[in-house]
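Here is a note for a colleague who is meeting this structure for the first time. Please read the points with the sequence and the model open beside you.

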Amino acid sequence: MPNGAEGKSAEQKANPAECRALTIVPAYNEAESIERVVRDLRRRAPWVDILVVNDGSRDATGPRAREAGAMVMDLPVNLGIGGAVQTGYRYAHAQDYDMAFQFDGDGQHRASQLADLARPLLAGEADLVVGSRFLQPRGMTASGVRWAGIKILSRVISVLIGQKITDPTSGFRAAGRRAIRLFAHEYPQDYPEPESLVLVHKQGLALREVPATIRRRRQGASSIQPLHGIHYMSKVLLAVVMDLLKSPVRFG
Amino acid sequence: MFLVQRIALLVAGLVLLGVTLELIRRRRLREEYAVLWICTGVMILAFVLVPRMLFAVSDWLHLNHAVLMTFLCVLFLAAILLHYSVVISKQSDHEKDLAQELALLKDEIAKLRAALKESRRTPLEPKPKPPALRT
């Protein structure tokens, strides 16, 4: 399919309600919070379909999400956040969705802000929109070391891709048709959030950040727990630099 | 090369070849790996039987032939480990793809089942009446 035709169809549907949108919720052992997340999405963003990708959880994440009314896919093994999210993109691509959101299963993201992320996509200004916690002061919650790590990472990635990025580890995102197709074919597995920014840049897709706020986590542990500043950061930087060396993805 | 050394290397080479062939016979080794190990065994035997080959190389590189042997062994092992890293990366990528496909297929089957059940029920029989309530 030619890229131009794909981009157009999303633009023409200026109203979110006319747009087929999928929200991908990766969840690993989030039985405590998944129900609230799904209900929140159904109430505040009724125009999106909800797909919970249960990443081999050992608790009742899958059944809880089904009870709450989400579509649930169960991965037979734990693939990690990258593998879980990519499962959602594969589905979005196969089902020909116009846009796909990434929304954490722990309840830190706000369903009411999905529309803010969708806007640049609908206006045809971006292929991937990232909700940034740092574009305005009110949403900032990260601790000192973590904050410093993200800051340095942001700087380096900004330089590498020649565009200012403030929150490369944010998992609150919206992808248009071209990004959905790209991620269905190729999605980074090690540090998917920052690495996918480099991938998107390399493939010549347009990236955009919009302000977003997060809630404090109530249950579960972050999938990026080893954010022990330097260690995490150096590994991510190495991965990002290797991403720059990779040859571009071609679709067969 | 001393005779003892040559005999030891000869035995090592033959054992390697023997084990490789036995593993192939029992279908426990894929051909692509079998070829690697057969070549390795043959190389060892070649060096043992025609030591001049080894000496020629060590003279050319100005290395003691023991040092050369060690050097070659390390290089060879490093190459094999690198190859295995590639294989493992490929395998884990395949495993990921399979797990994702499986999840997508399971979902599709569940949806098809539900649709089938629905289509069977609606046209054939009227909706079952709710059980009569006693008051």
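1. A term is needed before the helix pairs are described: a crossing is called left-handed if the near helix is turned anticlockwise from the far one by less than a right angle, and right-handed if it is turned clockwise. The model is a predicted one, in which local features need pLDDT of at least 70 and side-chain atom pairs count only at pLDDT 80 or more, while totals for chains, interfaces and linings use all residues. Residues are numbered from 1 along each chain as its sequence is written, and chains are lettered from A and ligands numbered from 1 in the order in which they are written.

2. Chain A has nine helices and seven strands, whereas chain B has four helices and zero strands, following the pattern α-α-α-α along its sequence. Helices (H or I, at least four residues) and strands (E, at least two) are DSSP runs, numbered from the N terminus.

3. As for burial, 49% of the 252 residues in chain A are buried, and in chain B the share is 7% of 135 residues. A residue is buried if 20 or more other C-beta atoms lie within 10 Å of its own, exposed if 12 or fewer, and partly exposed in between, with the C-beta atoms placed from the backbone.

4. Two residues are in contact if their C-beta atoms, placed from the backbone, lie within 7 Å. Among the contacts in chain A between residues at least 6 apart in sequence, 78% join residues at least 24 apart; for chain B, residues 24 or more positions apart account for 44% of the contacts with a separation of 6 or more.

5. Chain B is divided into domain 1 (1-49) and domain 2 (64-121), with bounds that come from an automatic or database domain assignment. Taken over C-alpha atoms, the centres of these two domains of chain B are separated by 29 Å.

6. Within chain B, helix α1 (residues 3-25) and helix α2 (residues 31-49) pack at an angle of about 160°, with their axes 9 Å apart; axes are lines fitted to C-alpha atoms, for helices over the stretch in contact, and angles run from 0 to 180 degrees between N-to-C directions. α1(B) and α2(B) are therefore roughly antiparallel to each other, given that angles under 35 degrees count as roughly parallel, over 145 as roughly antiparallel, 65 to 115 as roughly perpendicular and the rest as oblique. The crossing of α1(B) and α2(B) is left-handed, and the residues that make the contact include Leu9(B), Gly13(B) and Leu16(B) of α1(B) and Trp37(B), Gly41(B) and Ile44(B) of α2(B).

7. In chain A, helix α7 (residues 177-185) is largely enclosed by the rest of the structure, because eight of its nine residues are buried, among them Arg177(A), Ile180(A) and Phe183(A). The axes of helix α4 (residues 80-94) of chain A and α7(A) come within 8 Å and cross at roughly 125°, so that α4(A) and α7(A) are oblique to each other. Their contact includes Tyr89(A) and His93(A) of α4(A) together with Ile180(A) and Phe183(A) of α7(A).

8. The contact between the chains takes eight residues from chain B and 12 residues from chain A.
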